[in-house]
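The sequence and structure are shown first.

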Amino acid sequence: MTLDDILAGLFSNGSKIEVIGAMIAGKGTMADGKPIHVLGITQGQNLGVDEAIVLAGHVIEIIGSHDRAPILVLVDSASQRMSRREELLGLSEYLSHLAKSLLMAEAEGHRTVSLLYGGSAAGAFIATALAAGTLVALPGAHPAVMDLPSMARVTKLPIEVLKAKAEATPVFAPGLDNMVRTGGIHVVWDETAPLAPQLAAVLELPLGQDDRDQLGTERGGRRKAAEIADRVVAMAATSSFRELRHG
């Protein structure tokens, strides 16, 4: 499904969305007549400091508008741009800034949803798709936090060992199905059905609710995350209670 197909399917009531180079920005009108901010990266481009700061700037402008309209982030990218220039400029800080701007938008009342319709990998995937409150995808999307050869270089484990782990443990394996099993992707949309109602259903999810760890448990892809998170919250609550008593 192309970007034009997606925009037409989502916004039959019209939109004012510009695609300049690989960058997407503008507004759409949902079926109920309400506005939604739209931004993102397309054409399978790398996400570098220039793109990250532009996207973060759009998000900050949206927060400053105080309209609390939802934000849809469309994602079809490669990895982060790996070059000497990007590293010298502090690419990791730019990606972090973009991710934090999306988190801030959600905290300020803007429901944030990422739609992965192409590829995305590594830091680019984390700073866009995973930074939104909810990530959904279309069939054929191909996410990867880190491919196995890169993982082998970082962990110093043989590629054969990692391939065996990937077959048994989704957190080690790239691809759409594995990302769904870990809970990272909330749902894969049905591309044969109208897209607008599917977006409306996602926007009905509670603001600020992050249930990815619980989904990972239910789907068998990430079995310990929810349990550990619950234990940390319980321990923090107990610690805070003790501090109040003895403070």
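Glu18 stands opposite Ala25 in S2. S1 (15–20) and S2 (residues 23–29) pair in the antiparallel sense over six bridges; pairing requires that DSSP find at least two bridges between two strands. Helices (H or I, at least four residues) and strands (E, at least two) are DSSP runs, numbered from the N terminus.

The model is predicted: local features need pLDDT of at least 70 and side-chain atom pairs count only at pLDDT 80 or more, while totals for chains, interfaces and linings use all residues. Residues are numbered from 1 along each chain as its sequence is written, and side-chain values use heavy atoms, with hydrogens and water left out.

**Sheet and packed helices**

- Seven strands form an open sheet of mixed pairing, in the order S1-S2-S3-S4-S5-S7-S9.
- S1 and S9 (187–188) stand at the edges with a single partner strand each, so one side of each is left without a neighbour in the sheet.
- Helix H2 (residues 49–65) packs on the sheet and touches S2, S3 (35–47) and S4 (71–80); contact means heavy atoms within 4.5 Å.
- The direction of H2 makes about 175° with that of S3; axes are lines fitted to C-alpha atoms, for helices over the stretch in contact, and angles run from 0 to 180 degrees between N-to-C directions.
- Helix H4 (residues 91–107) also packs on the sheet, touching S3, S4 and S5 (112–116), and its direction makes about 160° with that of S4.

**Helix pair H2 and H4**

- H2 and H4 pack at an angle of about 20°, with their axes 9 Å apart.
- The two helices H2 and H4 are therefore roughly parallel to each other, a term for angles under 35 degrees.
- Residues making the contact include Ile53, Ala56 and Ile60 of H2 and Tyr94, Leu98 and Ser101 of H4.

**Nonpolar cores**

- The largest nonpolar core has 34 residues, and those with the most contacts inside it are Leu39, Leu47, Leu98, Leu116 and Ile185.
- A nonpolar core is a set of buried (under 20% relative accessible area) Ala, Val, Leu, Ile, Met, Phe, Trp, Tyr and Cys residues joined through side-chain atoms within 4.5 Å.
- H2 gives the most to this core, with seven residues.
- Leu116 touches, among others, Val75, Phe125, Leu135 and Pro143, not counting residues up to four places away in sequence.
- A second, separate core of 22 residues includes Val38, Leu115, Tyr117 and Leu203.

Note on methods. Buried means under 20% relative accessible area, exposed over 50%, partly exposed in between (1.4 Å probe, protein chains only). Angles under 35 degrees count as roughly parallel, over 145 as roughly antiparallel, 65 to 115 as roughly perpendicular and the rest as oblique.
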